[in-house]
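Have a look at the model first.

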Amino acid sequence: MVHVPKTRRTFCAAKKCRKHTVHKVTQYKAGKASGYAQGKRRYDSKQMGYGGQTKPIFHKKAKTTKKVVLRLECKECKYKSQIKLKRTKHFELGAKKEATGHVY
């Protein structure tokens, strides 16, 4: 279980800053694939007509997790950068840790 705070004080590489500032942390999520990208156009063109499936479809999936990518946005200049973390099954952003030990 990985807990990451919603803000992080780290180096901003933008030309405006070039110093440690507070960054807003969010989890990166891939956007919707465009139908107009060159690879998609080429694939659709190749698939047209008779002849069935033309390119291999990947079936032998081995990984059970994905690497977590953090997107950092500088609160001063709005510069965005990304940091990758290790693989994890459970990832929480801004979660409060439960108190360990005896609770009165």
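A residue counts as buried under 20% relative accessible area, exposed over 50%, and partly exposed in between, using a 1.4 Å probe and protein chains only. Before applying that, please keep in mind that this is a predicted model, where local features need pLDDT of at least 70, side-chain atom pairs count only at pLDDT 80 or more, and totals for chains, interfaces and linings use all residues. Residues are numbered from 1 along each chain as its sequence is written, and side-chain values use heavy atoms, with hydrogens and water left out.

With a relative accessible area of 33%, aspartate 44 is partly exposed. Its side chain meets that of lysine 40 in a salt bridge, at 3.2 Å from N to O; the term asks for a side-chain nitrogen of Lys or Arg within 4 Å of a carboxyl oxygen of Asp or Glu. Lysine 40 is also partly exposed, at 37% relative accessibility. Both residues sit in helix α1 (residues 38-47), four residues apart, which is about one turn of the helix. Helices (H or I, at least four residues) and strands (E, at least two) are DSSP runs, numbered from the N terminus.

How many salt bridges does the structure hold? There are two. Lysine 19 pairs with glutamate 76, their closest N and O atoms being 3.7 Å apart. Lysine 19 is partly exposed at 41% relative accessibility, while glutamate 76 is exposed at 53%.

Now to the sheet. Strands of a sheet pair through backbone hydrogen bonds, either parallel or antiparallel. Here, four strands form an open sheet in the order β2-β3-β4-β5, with antiparallel pairing; two strands pair if DSSP finds at least two bridges between them. The edge strands, β2 and β5, each pair on one side only.

Let's cross the sheet strand by strand. Six bridges join β2 (residues 7-12) to β3 (residues 19-27), and cysteine 12 has lysine 19 as its bridge partner in β3. Six residues lie between the strands of this hairpin, where arginine 18 takes a positive phi near 55°. Next, five bridges join β3 to β4, with valine 25 opposite leucine 72 in β4. Finally, seven bridges join β4 (residues 66-74) to β5 (residues 80-88), and leucine 70 stands opposite isoleucine 83 in β5. The hairpin of β4 and β5 has five residues between its strands, and lysine 78 takes a positive phi near 65° there.
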